[in-house]
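Please examine the structure below with attention to a loop, a helix and a group of aromatic rings. Each is taken in turn.

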Amino acid sequence: MFGRKLSLLLFITLLAGCQSMSKPIRTENNVDIKRFMGDWYVIANIPTFIEKGAHNAVETYELNDDGAIATTFTFNKDGFDGEQKQYHPKGFVMDDGSNAVWGMQFIWPFKADYRIVYLNDDYTQTIVGREKRDYVWIMARTPHIPEQDYLKMLQLLAEQGYDISQIKKVPQRW
């Protein structure tokens, strides 16, 4: 019995060690939080369960007086004419130095990891990822971006350790 427990403990320790060897995801060095606010069209993502089948997905951020970020996520379910869904998570900047690491709260008291891993100079294209690399959102201020920009962002995500075969374009028609 003791041998089995020791083997299990060694396996768990080895597994934890392997997980800690993965490189931390890189984030932007400095995000002007006020400039980041506003509408972002979701161009592509690794969808969460609520986002599967989303069309015309838009994430909107508004900075509250207390520093929290009021978020509105809107999309049509399963088609352009599908039922409109809307969610209102609350964002919290967790890293005041860069403003690139947030907690996104859908259900109190839990905050999901949310990291700005790419932001172009004119604040028109961004990538929001997670340390676990399980979800990602490629977003822009317009519903469409040039294919070369999209491919560049996919390459960046591959370099960050994402399985880009899981990333799906979100249908946008306005």
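Which backbone nitrogen does the side chain of Asn 120 reach at 2.8 Å? In this predicted model, that atom is the backbone nitrogen of Thr 124. Asn 120 belongs to the loop between strand E7 (110–119) and strand E8 (125–129). A polar atom of the Asn 120 side chain also lies 3.0 Å from the backbone nitrogen of Gln 125. Asn 120 counts as buried because its relative accessibility is 14%, under the cut-off of 20%.

The next element to consider is helix H3 (residues 147–159), whose 13 residues reach 18 Å from the first C-alpha to the last, close to the 18 Å expected. Its buried residues are Tyr 150, Met 153, Leu 154, Leu 156 and Leu 157. These residues lie on the same side of H3, because they cover an arc of only 160 degrees around the axis. In an α-helix, residues three or four places apart point the same way, because there are 3.6 residues a turn. The cover over the buried residues of H3 includes strands E1, E7, E8, E9 and E10. The ring of Tyr 150 also has the charged end of Lys 169 over it, 4.4 Å from the ring centre. After H3 comes Gly 161, with a positive phi near 100 degrees.

Aromatic contacts complete the picture. The structure holds 11 aromatic pairs. Phe 36 and Trp 40 form a tilted pair, because their planes stand at 35 degrees, with ring centres 5.1 Å apart. Phe 36 also pairs edge-to-face with Trp 102, at 5.7 Å centre to centre and 80 degrees between the planes. This pair links distant parts of the chain, with Phe 36 in helix H2 and Trp 102 in strand E6, 66 residues apart. Both Phe 36 and Trp 102 are buried. Ring pairs join Phe 36, Trp 40 and Trp 102 into a cluster that also includes Tyr 61, Tyr 114, Tyr 135 and Trp 137.

Technical notes: Residues are numbered from 1 along each chain as its sequence is written. This is a predicted model: local features need pLDDT of at least 70, side-chain atom pairs count only at pLDDT 80 or more; totals for chains, interfaces and linings use all residues. Side-chain values use heavy atoms; hydrogens and water are left out. Helices (H or I, at least four residues) and strands (E, at least two) are DSSP runs, numbered from the N terminus. Buried means under 20% relative accessible area, exposed over 50%, partly exposed in between (1.4 Å probe, protein chains only). A polar contact is a pair of N or O atoms within 3.5 Å; within protein, one must be able to donate a hydrogen and the other to accept it, and residues adjacent in sequence count only if both atoms are side-chain atoms. The expected span of a helix is 1.5 Å times one less than its number of residues. The arc is that of the directions from the helix axis to the C-beta atoms. Contact means heavy atoms within 4.5 Å. Rings of Phe, Tyr and Trp (its six-membered ring) pair if their centres lie within 6.5 Å; planes under 30 degrees apart count as stacked, over 60 as edge-to-face and the rest as tilted. A charge sits over a ring if NZ of Lys or CZ of Arg is within 6 Å of the ring centre and within 35 degrees of the ring normal.
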